[in-house]
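Biologist: I am new to this structure and would like to learn how to read it. Could you take me through it step by step?

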Amino acid sequence: MVGGKKASTAERPARSRTARSREAIAPQRARPRSHSLAPEHVGEAGSIAVLAMAILGLAIFIAAIAMLVFGLTASSRFGSSPPPNVNALGTGQVLGGIGLLVMSIALVGSALAVLADLRGSRRIAAVVAGAAGLLSAAGVVRVMGEGAGDAVLAAALAVTTMIFGASAIILARRPR
């Protein structure tokens with residue numbers, strides 16, 4: 001049954017005016033905000049790093065397939081009079097294509113493992129991203145070390161090096 005009596009101020013604990021004003025200004029505990037598409041266990045920076053790894057992994061996969069096709073069809077580009085070492089001409093492209101294919105599968109697989117929250121997947125993804133960054137940096141040095149060098153390819157490899165390096169650093173940190 002509801003009584004007609006109003007609550008008096010004597011029943012409530014007395015608080016000072018400054019305590020009430022502090023509560024209004026600063027909330028007691030701030031909730032961590034996350035993007036709606038970023039998984040909570042990865043965080044926003046980690047989800048950006050994983051997304052970059054997955055996208056670059058797919059791009060490397062496409063480049064690997066192209067290298068394999070060019071390496072396997074090298075002898076058909078010479079027509080009726082091929083050089084005597086035509087079989088050896090595509091070997092480097094085939095081996096490079098296989099290496100890129102393995103790296104792309106490792107990048108995409110580790111990115112998906114982080115999203116699936118598998119145990120130890122962040123560390124593995126950080127190692128894979130770091131290895132890809134080191135190989136990309138070696139590619140920059142190799143491209144610029146040649147006589148004329150291709151500035152566009154070197155710039156693309158340098159940007160890739162920075163993205164993989166940042167991804168490795170972000171994923172190597174402990175999640176907050």
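Modeller: Gladly. Let us begin with the word "pocket": a pocket is an open set of grid points with protein on both sides within 12 Å along at least five of seven lines. Please keep in mind that this is a predicted model.

Biologist: How does one find such a space, and what is the volume of the largest pocket here?

Modeller: The general idea is that rolling a probe the size of a water molecule over the atoms shows where empty space is left. In this protein, the largest pocket has a volume of about 740 Å³. It is lined by 23 residues, and the closest to its centre are Met67, Leu100, Leu135, Ser136 and Leu157.

Biologist: Let me step back to the whole chain. How many helices and strands does the protein have?

Modeller: There are six helices and zero strands. Read from the N terminus on, the order is α-α-α-α-α-α.

Biologist: What part of the protein is buried?

Modeller: For burial, we look at relative accessible area, and under 20% means buried. Of the 176 residues in the protein, 26% are buried. Contacts give another view of the fold: among those between residues at least 6 apart in sequence, 65% join residues at least 24 apart.

Biologist: Which residues have the most contacts inside the largest nonpolar core?

Modeller: That core has 18 residues, and those with the most contacts inside it are Met53, Leu107, Phe164 and Leu171. At least two residues of this core come from each of α2, α4, α5 and α6.

Biologist: Let us pick Phe164. Where is it placed, and why is phenylalanine 164 counted as buried?

Modeller: Phenylalanine 164 sits in helix α6. It counts as buried because its relative accessibility is 1%, and the cut-off for buried is under 20%.

Biologist: Which residues does phenylalanine 164 touch, not counting those up to four places away in sequence?

Modeller: Phenylalanine 164 touches Leu56, Ile60, Leu107, Ala129, Ala132 and Gly133.

Biologist: What does the side chain of serine 121 reach?

Modeller: The side chain of serine 121 reaches the backbone oxygen of leucine 118 at 2.8 Å. Serine 121 is in helix α5, and it counts as buried because its relative accessibility is 5%. Leaving out residues up to four places away in sequence, serine 121 touches Ala113 and Val114.

Biologist: What should I look at in the loop between α4 and α5?

Modeller: Backbone angles can be a guide in loops. Aspartate 117 is found in that loop, and its phi is near 60 degrees, a positive value in a residue other than glycine.

Biologist: And serine 75: where is it placed?

Modeller: Serine 75 is in the loop between α2 and α3 (86–89). It counts as partly exposed because its relative accessibility is 35%. Serine 75 and asparagine 87 are 12 residues apart in sequence, with their C-alpha atoms 6.7 Å apart.

Biologist: Finally, is alanine 172 buried or exposed?

Modeller: Alanine 172, in helix α6, is exposed because its relative accessible area is 55%, and the cut-off for exposed is over 50%. Its C-alpha lies 5.9 Å from the C-alpha of arginine 123, although alanine 172 and arginine 123 are 49 residues apart in sequence.

Conventions:
Residues are numbered from 1 along each chain as its sequence is written. This is a predicted model: local features need pLDDT of at least 70, side-chain atom pairs count only at pLDDT 80 or more; totals for chains, interfaces and linings use all residues. Side-chain values use heavy atoms; hydrogens and water are left out. On a 1 Å grid over the protein atoms alone, a cavity is a set of points where a 1.4 Å probe fits but cannot get out, and a pocket is an open set with protein on both sides within 12 Å along at least five of seven lines; lining residues have an atom within 4 Å of a point. Grid points are joined across faces, edges and corners, and a volume is the space filled by probe spheres set on the points. Helices (H or I, at least four residues) and strands (E, at least two) are DSSP runs, numbered from the N terminus. Buried means under 20% relative accessible area, exposed over 50%, partly exposed in between (1.4 Å probe, protein chains only). A polar contact is a pair of N or O atoms within 3.5 Å; within protein, one must be able to donate a hydrogen and the other to accept it, and residues adjacent in sequence count only if both atoms are side-chain atoms. Contact means heavy atoms within 4.5 Å. A nonpolar core is a set of buried Ala, Val, Leu, Ile, Met, Phe, Trp, Tyr and Cys residues joined through side-chain atoms within 4.5 Å.
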